[in-house]
Amino acid sequence: MNNLIKHSARFILFLFIQIIILNEVPPLHQFITPYLYFIFLLWLPFGTKRITLTLLGFITGYTLDLFTNTPGLHAAACSLLGYFRPTILNLLLAQELSEEVNREPSIGSMGWGPYAFYVTSLTFLHHFYLVLLEWLQFGNFGYFLGKIIATTVISVLLIFIVELSMNRRKIKR
Amino acid sequence: MKNIIGFIRQNFTFLTFLILQIVSLGMLSSYNKTYETFFGGWSNQVTGNINKKYNGWSYYFNLRNTNAQLIAENAALRNQLGQNFSPIDSSKKLGTLVLRKDSLEKTRKFYYYPAKVVGNTFTLQKNYIIIERGSLQGVKKDMAAISPEGSIVGVVVEVNDNYSKIMSLLHRNSKVSAMLKRDKIAGSIEWDGADPSVLILKNISKSAAPKIGDSVLTSPYSSNFPSQLMVGKVTSILKDPSSNYLTLNVKSTTNFFNLEYIYLVENRRMAEQKNVEKNEPKNE
């Protein structure tokens, strides 16, 4: 129960940060749009089932889509992220840890290296798919490459800032 | 049959994933037609309400700008008041020949409605503006939107009871007829998805001699925008030797980052104009 409230609070908090702040900031450059809302999916407990993750991803993405008027765009990218999350976690972790329901991915539970790989690869996957869908509609290869790289770098930086400032190590134990 | 059920059970997760992907890609590709009619209605009411709540809060931070805008606009309107113009009295009484008829009402073509902006994006490839005014308050599809300073903003694409959606000029599919103020040569204003403060003026004939800093206005050919509205200023000229047309970069006058109020312009004769444009003469 406690977990449910915690995760719903995160869902709402990060969606609102995305809608109210990150989507409203005047863009620094045509390539840079920071994304933070999917951090909710990254922080779900280790043992969350693949199907739950996929469905939650779809819901998260679709909620954001309602606000940005791009039905399907973020929903597609987020359900992809949800689907591939267990694959990446299984690559990085021992069997027992990846089935634990009470602990969630963080620097404390995984260590710097694996956690950085986990965040970077999933962020890249999400942005790659998102920008690919945009690119298929408009075309321009330089835009495609530049945007994926710039957006991924900025988003990973943001995620680590949030990670370090929220100090989840205490809650984890 | 048993095999099929077994297959579905085994790959249930993957199949759900595939279905979700198909659903979202389907929504993405058929956005304008199906989505608008089925989901557009209720979801816009919901997000419109949330946007309105947020806007009520962020509104205070922009009060200074809004005030300055309103004062400037008031001054401009005051200057147009009829009492400010007094002709030198040379009139003669002409007897009963003069008809007492209000000719103004008959010739009015454009009608202006104010509307408050409650949602606005400019970081995506397809940007929309949500306003708190809908069909119950007289908004119709294809009405033009202009900023309080009189520069163009976009076109209404979707109308609900109390909220409407405007396709901003910062949209890949947006296209507005515009002309150079210097020699009245017309082209079309589009956006390439790169910089939200720079628009592209395409299809300008090479006989035009634009200079950097020239004003770009809306052309008289547009059916929804009144002519002579400000669009922006030319910042650079791209010459392509292989084509007969020039492409110009235009710095847009509208500041899309802090829109608070806009005006909707209704062309009372748009239906007629569109009809004439659409019909092909029979003897061709």
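## Composition of chain A

Helices, in the sense used here, are DSSP runs of H or I that hold at least four residues, and they are numbered from the N terminus. In this predicted model, the elements of chain A, read from the N terminus on, follow the order α-α-α-α-α-α-α-α-α, so that, with helices and strands defined as DSSP runs, chain A has nine helices and zero strands.

Chain A has 173 residues, of which 34% are buried. When contacts in chain A between residues at least 6 apart in sequence are considered, 68% of them join residues at least 24 apart.

## Helix packing in chain A

Two packed helices are described by the angle between their axes and the distance between the axes. For helix α1 (residues 2-22) of chain A and α3(A), the axes come within 11 Å and cross at roughly 35°, and the crossing of α1(A) and α3(A) is right-handed. On the side of α1(A), this contact is made by A:Phe11, A:Leu15, A:Gln18 and A:Ile19, while α3(A) contributes A:Thr60, A:Thr63, A:Leu64 and A:Phe67. Sorted by class, the residues of the contact of α1(A) with α3(A) comprise five nonpolar, three polar and no charged.

α3(A) also packs against α4(A), at an angle of about 160° and with the two axes 7 Å apart. Angles over 145 degrees count as roughly antiparallel, and α3(A) and α4(A) are therefore roughly antiparallel to each other; their crossing is right-handed. The residues of α3(A) that meet α4(A) include A:Arg50, A:Leu53, A:Gly57, A:Gly61 and A:Asp65, and among the residues that α4(A) brings to this contact are A:His74, A:Cys78, A:Leu81, A:Arg85 and A:Pro86. By class, the contact of α3(A) with α4(A) has 13 nonpolar, seven polar and three charged residues. A:Thr60 and A:Leu64 of α3(A) are named in the contact with α1(A) and also in the contact with α4(A).

## The contact between the chains

The contact between chain A and chain B takes 25 residues from chain A and 27 residues from chain B. On the side of chain A that touches chain B, α3 (50-68), α4 (73-92) and α7 (112-138) of chain A each supply at least two residues, and the largest share, seven residues, comes from α3(A). The residues of this side of chain A divide into 14 nonpolar, nine polar and two charged.

## Composition of chain B and its paired strands

Chain B has six helices and twelve strands. Of the 284 residues in chain B, 29% are buried, and among contacts in chain B between residues at least 6 apart in sequence, 59% join residues at least 24 apart.

Strand β6 (residues 176-180) of chain B pairs in the antiparallel sense with strand β7 (residues 186-190) of chain B, over four bridges, and B:Val176 stands opposite B:Ile189 in β7(B). β6(B) and β7(B) form a hairpin with five residues between them, and B:Lys184 in the turn has a positive phi of about 60°. β7(B) also pairs with strand β8 (residues 198-205) of chain B, in the antiparallel sense and over three bridges; in β8(B), B:Leu201 is the bridge partner of B:Ile189.

## Individual residues of chain B

Two loop residues of chain B can be described by their backbone angle and surroundings. B:Asp142, which lies in the loop between β2 (126-131) and β3 (144-146) of chain B, has a positive phi of about 75° although it is not a glycine. Because B:Asp142 has 15 C-beta neighbours inside 10 Å, B:Asp142 counts as partly exposed. B:Gln228 lies in the loop between β9 (215-218) and β10 (230-239) of chain B, and its phi is near 70°, a positive value in a residue other than glycine. With 12 C-beta neighbours inside 10 Å, B:Gln228 counts as exposed, since a residue with 12 or fewer such neighbours is placed in that class.

B:Ala271 is found in helix α6 (residues 270-278) of chain B and is exposed, with 12 other C-beta atoms within 10 Å. The C-alpha atom of B:Ala271 is separated by 8.9 Å from that of B:Ser223, although the two residues are 48 residues apart along the chain.

Terms used:
Residues numbered from 1 in each chain as written. Chains lettered and ligands numbered in written order. Predicted model: local features only at pLDDT ≥ 70, side-chain atom pairs only at ≥ 80, totals over all residues. Contact = placed C-beta atoms within 7 Å. Nonpolar A, V, L, I, M, F, W, Y, C, P; charged D, E, K, R; others polar. Buried ≥ 20, exposed ≤ 12 C-beta atoms within 10 Å, placed from the backbone. Axes fitted to C-alpha atoms, helices over the stretch in contact; angles between N-to-C directions. Left-handed = near helix turned anticlockwise from the far one by under 90°. Parallel < 35°, antiparallel > 145°, perpendicular 65-115°, else oblique. Pairing = 2+ DSSP bridges.
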